[in-house]
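I opened my notebook today for a structure that was new to me. Here is what I looked up, entry by entry.

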Amino acid sequence: MNRQKSIRRVKKQTAVQEALEILRDIVASLDIDRDPRLPSEEELATQLGISRLTVREALTVLEREGIIARVQGRGTVVNPFARRLTSRIDSAREIGKFIEENGYTVSIDEVKSLWKKASDNEAIKLGINPGEEILVVEKRFLADGNPAAFCIDRIPKVLFRDLNFSVRDLAASIFSFTEHQCNCQLTHDVIEIIPMVADAKLMKLLQVNPGTPLLCLDAVEYAEDGQAVMYNSEYYLDQFIRFTLCRNVAYMP
């Protein structure tokens, strides 16, 4: 069976999340035409340094995503269409990761931030009062040096435990930044998919012509206690980023 030569062990506090990332790497490294099987739960638990229960939880997520299947008599196998499931729209990830999964080299060339009073819409999304201060972070992402995506992240000031941060901090992972500054763990988000055309600001940022279609994802990020922590608006050019989703098509009478 074709397996990775070395597998890093995971940290206990984020076991399921880290196990998922490692298992996705394992799936990507397998020659599924030759042998699509994954190691047993027991083998994976030993190699990753976690419990079989944690492995089982991670495998359940991959099964729900359509990446793997549990087949009686064969064990856990990678579905033949799994490689097509890149840039999954049902998985919250950094924009740069989506760009990389579509085969491009990612970079960020513009990062801006400001404090402002929340609009009515921003307040509703974040569960705060209109006029409360929020941090607004804007980033432009490049794919092989070409503008590919633009993101606006908004975080309520009241959630910050430390206002001492730099532009370099904002240029890194916004998820890690938010979890650190707001002392929380992001667990879920709710997104709206909004087709639109570029306005004057987006035309300039993404270097597109008037009327160019864009895909906008409006997402609210929630912490483990269900509190809204961040509100994001993400704008994508479809020639650089295409999202996929595996849906269950079992017949429902």
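**Surface and overall make-up**

I began with the surface: the protein exposes about 14,100 Å², and carbon and sulfur atoms supply 50% of it. These accessible areas come from the Shrake-Rupley method with a 1.4 Å probe, and for residues only the protein chains shown count as cover.

I noted that this is a predicted model, where local features need pLDDT of at least 70, side-chain atom pairs count only at pLDDT 80 or more, and totals for chains, interfaces and linings use all residues. Residues are numbered from 1 along each chain as its sequence is written, and side-chain values use heavy atoms, with hydrogens and water left out.

Next I looked up burial: of the 253 residues, 45% count as buried (under 20% relative accessible area; exposed is over 50%, partly exposed in between, with a 1.4 Å probe and protein chains only). I also found 8 helices and 8 strands (DSSP runs numbered from the N terminus, H or I of at least four residues for helices, E of at least two for strands).

**The sheet**

I traced an open sheet of 6 strands in the order S3-S4-S5-S8-S7-S6, with antiparallel pairing (two strands pair if DSSP finds at least two bridges between them). Strands S3 (106-117) and S6 (186-197) stand at the edges with a single partner strand each, so one side of each has no neighbour in the sheet. From one strand to the next, the twist averages 15°.

I then followed S6 to S7 (residues 213-223), and the two pair in the antiparallel sense over 11 bridges. Glu192 has Asp218 in S7 as its bridge partner.

I checked H2 (residues 41-48) against H3 (residues 52-65): their axes come within 9 Å and cross at roughly 110° (axes are lines fitted to C-alpha atoms, for helices over the stretch in contact, with angles from 0 to 180 degrees between N-to-C directions). That makes H2 roughly perpendicular to H3 (65 to 115 degrees; under 35 is roughly parallel, over 145 roughly antiparallel, the rest oblique). H2 brings Glu41, Glu42, Leu44 and Ala45 to the contact, and H3 brings Arg52, Val55, Arg56 and Leu59 (contact means heavy atoms within 4.5 Å).

**Two loop residues**

Asp144 lies in the loop between S4 and S5 and counts as partly exposed at 47% relative accessibility.

Asn183, also not a glycine, has a positive phi near 50°. I found Asn183 in the loop between H7 and S6, exposed with a relative accessible area of 58%.
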